[in-house]
Amino acid sequence: MAKKSKPSPAIGHSSNSIVQIAILVGFLCSLSVIQGQDVHSQCGNLIASPSLTPFVVPLTFPPVIDISTGVPITLGTYKISQSVHPDLPNTTFYGYGTSQDTATYPGPTLEAKKDVASYVRFENHITDPEHIFVVDRTLHHASPPNGGVPIITHLHGADAESKFDGHPEAWYTAAGDTGAAFITMDNVYPNEQPASLLWYHDHTIGMTRLNVAAGLVGLYFIRSEFEEPPFLPSGKFEIPLVIQDKQFFPNGSINFPDIGLPPFAHPQWCPDYMGDTILVNGKAWPFLNVLPRVYRFRILNGANSRFFTLFFSDSRIQFLQIGTDGGYLWAPLLLSNITIAPAYRVDVLVDFRSVPVGSSFFLNNSAVDTILSNVTTPTTSYVMKFNVVRSLRGNSAQNVVMPTSMGPVPNISAWASSATFYRNVSLVVTLPPLFNISFLLNNAHWTDTPTETPQLYTIEIWDITHLIPNGVHPIHIHLVNFLVIHTQAFNFSRLNASECSLQLPYPDAGSCFTQAPQPPNPTEIGWKDTIIVNFGTVVRLLVPFFPRTGGLYSFDPTTFPGYVWHCHNLDHEDNDMMRPLPIQPPPL
């Protein structure tokens with residue numbers, strides 16, 4: 001029998017809290033009046049980007065660096081100027097690269113091999129005295145005594161020692177200032193996990209949203225000749241797509257809020273940064289010419305807050321999803337649309353063989369901007385364009401098989417029966433006087449004593465309960481991959497009024513649950529490191545704190561500074577929706 005964690009110190013909201021949130025929504029709706037009286041960038045009501053003609057820029061790809069040779073490489077962060085669209089002046093970004101001249105947004109794509117360690121040094125060459133965006137100093141944030149732009153790079157999805165994990169307090173500046181958890185700029189990635197798509201991005205405490213919006217992101221592939229089927233598209237038929245949203249001023253600079261919500265509590269912090277321009281691999285609404293072949297798309301949602309529900313304008317074209325955050329699915333899924341939260345990665349096959357040459361179609365988005373607006377900005381309803389072109393001489397036929405099975409199905413029930421700890425964690429919001437709003441995990445702040453302290457080489461079951469009166473939160477756990485056991489909806493209003501209990505099973509009359517446990521939906525199947533938690537639901541996860549091979553880590557995960565778990569809406573993460581995850585020694 002798994003031990004149970006103690007109940008969260010606060011798991012509900014008074015009716016007064018709901019009234020406060022209603023007032024907050026009203027404040028957001030009034031921003032158009034405020035915006036008309038000043039020239040600042042107001043959270044929730046940014047000035048629209050200049051009108052840009054979509055689908056005139058070809059899709060481009062970041063440079064590729066092979067890091068599987070055992071030779072250390074150095075990537076720096078630099079201030080760069082780069083074009084996103086010919087009708088817009090160049091944009092200032094922070095980008096990764098081997099030099100000032102080679103730095104790009106997104107950063108170079110790193111290619112690693114399974115079981116071959118990679119050695120990557122991340123240096124900070126951003127010498128700006130202040131960030132290109134305004135820093136909200138009411139948040140707990142990196143505050144280098146000599147100024148500058150602090151950075152720390154996290155390899156998202158990696159099984160790596162915590163000193164190489166990009167701990168939020170391990171930041172450093174070009175001037176040499178460091179955070180309390182700083183150890184090294186030299187990182188060792190064992191690459192012992194299954195073949196998959198990871199990504200690297202900044203993770204600085206209180207400033208992650210700023211640095212990611214500024215451009216500090218890049219892709220990281222782990223390849224395995226023994227795991228990857230030979231019948232999948234490869235080479236020019238394997239296309240990486242980094243999707244983000246941004247807003248721009250007419251001079252090309254990024255329009256990021258400098259007046260927060262509400263400004264008398266958090267002067268610059270915005271709960272959801274949403275841009276009206278969709279970028280793919282750093283280009284605004286690009287196009288891609290494709291042959292009548294099968295393509296493999298490796299897609300990352302690298303946005304700060306925006307969810308995407310992707311679908312093709314031609315209903316004949318669908319996604320065959322073969323992989324997710326942690327690698328291959330055991331059974332491919334044929335989907336007409338696919339929802340990806342921030343930090344989600346999906347591996348999909350798209351068959352263009354039946355599409356007539358000369359046809360054009362679009363990759364579209366139907367997800368709303370935010371729960372507060374419940375609308376989709378028209379310019380964000382399309383992502384990119386595809387043109388089917390004639391195969392040129394020299395393009396031989398593909399030897400591609402659309403798979404029906406990708407491997408054995410994990411025995412989730414058997415693993416769950418061996419769990420040693422049951423952990424109930426909750427998503428809450430605090431609304432103290434003056435609307436000093438914070439989204440929290442288990443009603444605890446980042447600096448509070450750790451409460452999630454799993455033992456190494458054990459299995460835990462986590463129930464993540466969404467106790468915020470609205471919204472959706474993508475929750476990310478460092479070091480591990482997990483499996484969704486089920487989700488279950490409950491009546492938030494009755495729970496909030498103490499009229500029922502989540503401790504009683506459905507369909508008990510005293511239970512708050514409104515349905516029996518539901519199996520994971522298609523985007524929740526497979527090994528995940530980030531999971532969507534919807535309003536009014538409990539998501540149950542199987543979380544093994546050991547490698548998926550069932551063996552031992554080649555490093556000690558219990559050492560300083562430890563890992564973290566957090567909401568991957570970066571605006572929420574920066575405002576305390578993150579908690580320490582120190583791994584404890586294994587049981588004797």
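Rings of Phe, Tyr and Trp (its six-membered ring) count as a pair if their centres lie within 6.5 Å; planes under 30 degrees apart are called stacked, over 60 edge-to-face, and the rest tilted. By that rule, ring pairs link F237, Y295, F297, F312, F319, F352, F361 and F386 into a cluster. Keep in mind that this is a predicted model, where local features need pLDDT of at least 70 and side-chain atom pairs count only at pLDDT 80 or more, while totals for chains, interfaces and linings use all residues. Residues are numbered from 1 along each chain as its sequence is written, and side-chain values use heavy atoms, with hydrogens and water left out.

**Aromatic rings**

- Searching the whole structure turns up 28 aromatic pairs.
- Take W285 and Y382: their ring centres are 5.6 Å apart and their planes sit at 50 degrees, so this pair is tilted.
- W285 is in the loop between β13 (283-284) and β14 (287-290), while Y382 is in strand β22 (residues 382-388), so the pair ties together parts that are 97 residues apart in sequence. (Strands are DSSP runs of E, at least two residues long, and they are numbered from the N terminus.)
- (Buried means under 20% relative accessible area, exposed means over 50%, and partly exposed is in between, using a 1.4 Å probe and protein chains only.)
- F297 and F386 make an edge-to-face pair, with 5.7 Å from centre to centre and 75 degrees between the planes.
- F297 belongs to strand β15 (residues 294-301) and F386 to strand β22, so here the pair ties together parts that are 89 residues apart in sequence.
- Both F297 and F386 are buried.

**Charges over rings**

- K528 has its charged end over the ring of Y344, 3.3 Å from the centre. (For this to count, NZ of Lys or CZ of Arg must be within 6 Å of the ring centre and within 35 degrees of the ring normal.)
- R223 does something like this too: its charged end sits over the ring of F221, 4.3 Å from the centre.

**Salt bridges**

- How many salt bridges does a search of the whole structure find? There are 22. (A salt bridge is a side-chain nitrogen of Lys or Arg within 4 Å of a carboxyl oxygen of Asp or Glu.)
- R223 comes back here, in a salt bridge with E111 whose closest N and O atoms are 2.9 Å apart.
- That pair links distant parts of the chain, with E111 in strand β5 (residues 109-113) and R223 in strand β10 (residues 217-223), 112 residues apart.
- E111 is buried, at 18% relative accessible area.
- E111 and R223 also belong to a network of salt bridges with E228, E238, R296, R298 and D347.
- D369 and R306 meet in a salt bridge of 2.8 Å, N to O.
- D369 is in the loop between β21 (360-365) and β22, and R306 in the loop between β15 and β16 (308-312), so this pair ties together parts that are 63 residues apart in sequence.
- D369 counts as buried at 11% relative accessibility, and R306 is buried at 0%.
- E460 and R423 form a salt bridge as well (2.8 Å, N to O), and both residues are buried.

- D276 lies in the loop between β11 and β12.
- D276 is buried yet has no salt bridge, and the nearest side chain of opposite charge, R306, is 7.7 Å away. (Lys and Arg count as positive, Asp and Glu as negative; His and the chain ends are not counted.)
- What D276 does have is a polar contact of 2.6 Å with the side chain of S49. (A polar contact is a pair of N or O atoms within 3.5 Å; within protein, one must be able to donate a hydrogen and the other to accept it, and residues adjacent in sequence count only if both atoms are side-chain atoms.)

**The sheet**

- Seven strands form an open, mixed sheet in the order β13-β12-β11-β15-β20-β17-β18. (Two strands pair if DSSP finds at least two bridges between them.)
- β13 and β18 (327-335) stand at the edges with a single partner strand each, so one side of each is left without a neighbour in the sheet.
- Even so, seven of the nine residues of β18 are buried, so β18 is largely enclosed by the rest of the structure.
- β18 pairs with strand β17 (residues 319-324) in the antiparallel sense over five bridges, and a hairpin joins the two through two residues.
- F319 has L335 in β18 as its bridge partner.

Terms used:
Helix = DSSP H or I, 4+ residues; strand = E, 2+ residues; numbered from the N terminus.
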